[in-house]
Amino acid sequence: MTDQNLAIIVLAAGQGTRMKSATPKLLHPLAGAPIVAHVLATARTLEAAHVIAVVRHERDQVAAAVEAELPGAVIVDQDDVPGTGRAVEQAVAALPDGFDGEVLVLNGDVPLLNADTLVGFLERHRDRAAAASVLSAFYDDPTGYGRIVRDSVGVFDRIVEQKDASDAERTIAEINAGIYAFGAAALRDQLANLTTENAQGEKYLTDVIQLLRAAGSEVEAVPVTEPWLVAGINDRAQLSETAARLNALIVRGWQLNGVTIEDPATTWIDLTVRIAPDVTIRPGTQLKGATVVETGARIGPDTTLTDCEVGAGAEVRRTDGTLAVVGAGAAVGPFSFLRPGTVLGADGKIGAFVETKNATIGTGSKVPHLSYVGDATIGVHSNIGAGSVFANYDGVRKHRSEVGSHVRTGSHGVFVAPVRIGDGAYTGAGTVVRKDVPSGALAVNVAPQRNIEEWVQKHRAGSAAADAAGAAHEASGSDAD
């Protein structure tokens, strides 16, 4: 149910220079989604009546990501006045005039902060009827963060920035996480009093806290249970640390849901992946995007699947797959490459060093070894011989081949598309199929073998091969004697 008394502001205007990237910081991927998408997903869970994202750097890209994750969110462009205070000031101006609930301010680069933590934070804020609440954390090394200063009995007093802190204040381990809850009326009143008269020439949101305290309003600092919940991402090292933490949570969640994950340290699973109970995931596996794995399947080792579907009881080993479907009980790998459009039927097989693309392979059919199957349809219970190639490109256009059911093709065949092989047909080893093969026929086009005696001795004289051939002839002559 929508909380009509809650508005959420997501600060997403920063440049993120420490990422040293052409990609905006908030759009760097994390567990299959942009950093900011995780924050927006949490905002959606809270069912706020109003969600406002403040953007500036790479405005269009960030705004598109916001709208994709949370349609209906209001986009506000921060103007040339810098600072988080100014960003919140503009966001509050976009709220309906009569809104008098709570305003929750989130940072777009703090992706691990979950809805349960924020629900508890808001409940405490509301219970105390505070003008403002500040989320805090205790860090072993608080260097660089603003500190939460409390009085002698532990009541919140103020926030002091690192550069302004005394030696004693710098020893404080409790830091300002930059997440706030405000009463809308109190926030509006004090935002009007913000100035840029400071060393940075910015409007600071923390100044609102100080103004509220000076006015005698109730302000509280609420510590989180785990400091990593409010860890922000400012550079790629922090991105990798956050990714590892989030992945560990994802992996553990699936383990508790009945999935066997043999080596969590080398297994990476996106948030959007879905896995049924009794799946086994072996070391070195990455499951990405919208991948779905059904009951009893075995994935890995050393396998990457992106946007794939794996049926119940199937096995996929040492394989790279994208936008592919593997049927129930089917086997794939090792060293298979499933490109988009691959559909392997139930109990089928795509074997060692096989590449497939836009290929539909029917129930029980097999492509066991060293083959390329592109733009092809293969019926049920057929077998494609080792070393086969579906030649689908004529230099201008792609063409499709069709292989019927219960077909047996010999090793090292080439199928020059477009071509059709009928049901129950056979092809001989080394056959280049350029025209349709009727059902039940055997297609062969290999020329009779001709042996040219002593060719090596004449044309490769002095080589190791010639010496070996000469020795063999001498030995056979001696045997004849």
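**Exercise 1. Determine which residues N234 touches beyond its sequence neighbours, and whether N234 is buried or exposed or in between**.

Solution. In this predicted model, N234 touches R18, M19, K25 and D109, when residues up to four places away in sequence are not counted. The last step is to apply the cut-off: buried means under 20% relative accessible area and exposed means over 50%, with partly exposed in between. Because N234 has 22% relative accessibility, it counts as partly exposed.

**Exercise 2. Work out how the two residues of the UniProt feature "binding site" are arranged in space, and which pocket they line**.

Solution. The unreviewed UniProt entry places the feature "binding site" at D109 and N234. Although these residues are spread over 126 residues of sequence, they cluster in space, with a largest C-alpha distance of 7.6 Å. Both D109 and N234 are included in the lining of the largest pocket. Turning to D109 itself, this residue is found in the loop between β6 and α4 (115-127), and it counts as buried because its relative accessibility is 16%, where the cut-off for buried is under 20%. Leaving aside neighbours within four places in sequence, D109 is in contact with K25, L26, I35, A231, G232, I233 and N234.

**Exercise 3. Describe the largest pocket by its volume, its lining and the elements that contribute to the lining**.

Solution. The volume comes to about 1800 Å³. The lining is made by 50 residues, of which R18, T84, N107, D109 and N234 lie nearest the centre of the pocket. By class, the lining residues divide into 19 nonpolar, 22 polar and nine charged. Among the elements, β1 (3-12), α3 (84-93), β9 (156-160), β10 (174-183) and α6 (206-214) each supply at least two lining residues, and the largest share, five residues, comes from β10.

**Exercise 4. Describe the second largest pocket, and state which element gives the largest share of its lining**.

Solution. The second largest pocket has a volume of about 480 Å³, and it is lined by 22 residues, of which H38, A41, T42, L246 and L271 lie nearest its centre. Both α1 (35-45) and α7 (236-256) supply at least two residues of this lining, while the largest share, six residues, comes from α1. Sorted by class, the lining holds 13 nonpolar, six polar and three charged residues.

**Exercise 5. Compare the reach of α7 with the expected value, and find what its buried residues pack against**.

Solution. Helix α7 has 21 residues and reaches 30 Å from its first C-alpha to its last, close to the 30 Å expected at 1.5 Å a residue. Its buried residues are L239, T242, L246, N247, I250, V251 and W254. An α-helix has 3.6 residues a turn, so residues three or four places apart point the same way. The buried residues of α7 pack against β2 (29-30), α1, β12 (260-261), β13 (268-269) and β14 (274-275).

**Exercise 6. Identify the residues that line the largest cavity, and sort them by class**.

Solution. The structure holds one cavity of 30 Å³ or more, and the largest cavity has a volume of about 40 Å³. The residues V39, T42, L106, N107, V110, L113, L118 and I179 form its lining, to which α1 and β6 (102-107) are the elements that give two or more residues. The lining divides into six nonpolar, two polar and no charged residues.

Methods: Residues are numbered from 1 along each chain as its sequence is written. This is a predicted model: local features need pLDDT of at least 70, side-chain atom pairs count only at pLDDT 80 or more; totals for chains, interfaces and linings use all residues. Side-chain values use heavy atoms; hydrogens and water are left out. On a 1 Å grid over the protein atoms alone, a cavity is a set of points where a 1.4 Å probe fits but cannot get out, and a pocket is an open set with protein on both sides within 12 Å along at least five of seven lines; lining residues have an atom within 4 Å of a point. Grid points are joined across faces, edges and corners, and a volume is the space filled by probe spheres set on the points. Helices (H or I, at least four residues) and strands (E, at least two) are DSSP runs, numbered from the N terminus. Ala, Val, Leu, Ile, Met, Phe, Trp, Tyr, Cys and Pro count as nonpolar, Asp, Glu, Lys and Arg as charged, and the others, Gly among them, as polar. The expected span of a helix is 1.5 Å times one less than its number of residues. Buried means under 20% relative accessible area, exposed over 50%, partly exposed in between (1.4 Å probe, protein chains only). Contact means heavy atoms within 4.5 Å. UniProt positions are given in the numbering used here, feature names are shortened, and annotations may be inferred rather than shown by experiment.
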